[in-house]
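Visitor: Hi, could we look at the charged pairs in this one together?
Guide: Happy to, let me bring it up.
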Amino acid sequence: MADVKLREIRKSYGKVEVIKGVDIDIKDGEFVVFVGPSGCGKSTLLRMIAGLEDITDGTLEIDGARVNDLEPSKRGIAMVFQSYAIFPHMTVRENVAFGLTINRASKAEKDEKVGQAARILQMEHLLDRRPSELSGGQRQRVAIGRAIVRNPKVFLFDEPLSNLDAALRMDMRMEIGKLHQDLGASMIYVTHDQVEAMTLADKIVVLKDGLVMQAGAPMDLYHEPANLFVAGFLGAPSMNFLDVTVHDLNDKTVSVSNASLDKIEVPHKGRHFEVGQTATLGIRPQHMQPVGDGMGKLHGKVILSERLGSETVIDIALADGGKVIAALAEDSIQKPGAVTNFDFDPNQAHIFPETR
């Protein structure tokens with residue numbers, strides 16, 4: 001186990017800079033998830049930590065040592081790929097032991113470490129099978145087992161669940177979370193799936209265009225997003241955004257409204273606003289509740305009602321042409337075209353000086 005430090009890390013391909021000065025601290029034993037949309041640089045950053053991509057500028061430290069120029073095999077890391085990368089002609093036992101075989105480990109050592117990994121991953125009954133006889137989830141466990149036997153300082157996961165169906169993804173997500181608890185190892189995990197990020201991470205690093213937008217505990221980012229991008233990226237369904245006009249401000253709140261929203265006061269949390277400017281109001285769908293006629297702060301018509309069992313998701317067209325979504329924690333019937341009124345607590349809303 002080890003801590004990992006990235007200081008002003010940059011990566012360029014010719015004149016194109018894809019990682020633009022990243023600073024991240026990963027503590028010993030911490031589970032850190034790099035998350036962001038396709039092309040944000042998260043996999044490139046992971047491959048730089050692994051040594052599969054050169055670092056153009058900056059410093060990478062693993063366990064207190066600078067490793068910029070070290071070969072991947074000497075960094076004390078093990079990587080699990082999206083594509084599994086297991087050998088089809090070998091048994092599960094041989095695949096898991098492959099790294100030990102290359103390093104000329106004794107048969108006794110291989111048997112002990114492979115057996116230990118198989119017990120942790122509950123795949124002892126699979127050791128004599130070949131990959132063609134395994135499901136996608138079982139193949140991914142083989143790839144994880146091959147990483148475990150190396151006893152690395154840091155585990156790296158590059159979108160390991162992307163090739164699995166929804167049910168298997170949930171099962172494997174739970175297994176990876178339990179693996180982290182059992183091993184107490186430092187883990188860095190890349191995904192575009194914000195649900196994986198929220199459920200697995202001790203710390204989430206949100207990336208966009210090669211820059212860190214925000215880093216912190218999952219619920220800190222959910223409740224206190226630093227900007228519009230983070231606010232819209234984390235949470236399902238995504239946060240509602242409304243263009244509003246600033247009417248007044250004081251040392252704690254800003255007063256805003258628009259054609260579909262009655263004037264409200266929202267905590268500005270230290271962000272700078274000016275009277276008359278256009279700003280963006282963010283409201284979580286889960287914070288909206290239907291109310292009676294003539295009541296509430298938002299008014300519109302139902303476009304679509306999606307009953308999902310545990311909740312009902314309602315799409316609402318507003319008078320100014322905007323649209324919002326409400327997620328009700330109940331089985332609720334809302335007919336398309338019906339005029340509806342919704343209320344929410346302004347203290348749970350977010351106001352951003354930038355516009356969409």
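Guide: What follows is a short chat about salt bridges in this predicted model.
Visitor: How many salt bridges does a search of the whole structure find?
Guide: The search turns up 16 salt bridges.
Visitor: Which residue does Lys153 form a salt bridge with?
Guide: Lys153 pairs with Asp63, and their closest N and O atoms are 3.5 Å apart. The two are 90 residues apart and link distant parts of the chain: Lys153 sits in the loop between helix 5 (136–148) and strand 7 (154–158), while Asp63 sits in the loop between strand 4 (57–62) and strand 5 (65–66).
Visitor: And is Lys153 buried, exposed or partly exposed?
Guide: Lys153 counts as partly exposed, at 34% relative accessibility. Asp63 is partly exposed too, with a relative accessible area of 41%.
Visitor: Switching to helix 5, what does Arg141 pair with?
Guide: Arg141 forms a salt bridge with Glu175, with 3.1 Å between the closest N and O atoms. This pair joins helix 5 to helix 6 (residues 166–183), and its partners are 34 residues apart.
Visitor: Why does Arg141 count as buried?
Guide: Because its relative accessibility is 12%, and buried means under 20%. Glu175, at 30%, is partly exposed.
Visitor: Which residues do salt bridges that share partners join into one network?
Guide: Glu8, Arg10 and Glu17 are joined that way.
Visitor: One more: what is the N to O distance for Arg47 and Glu53?
Guide: Their side chains meet in a salt bridge at 3.7 Å, N to O. Arg47 is partly exposed at 28% relative accessible area, whereas Glu53 is buried at 19%.

Technical notes. Residues numbered from 1 in each chain as written. Predicted model: local features only at pLDDT ≥ 70, side-chain atom pairs only at ≥ 80, totals over all residues. Heavy atoms only, no water. Salt bridge = Lys/Arg side-chain N within 4 Å of Asp/Glu carboxyl O. Buried < 20%, exposed > 50% of the residue type's maximum accessible area, 1.4 Å probe, protein only. Helix = DSSP H or I, 4+ residues; strand = E, 2+ residues; numbered from the N terminus.
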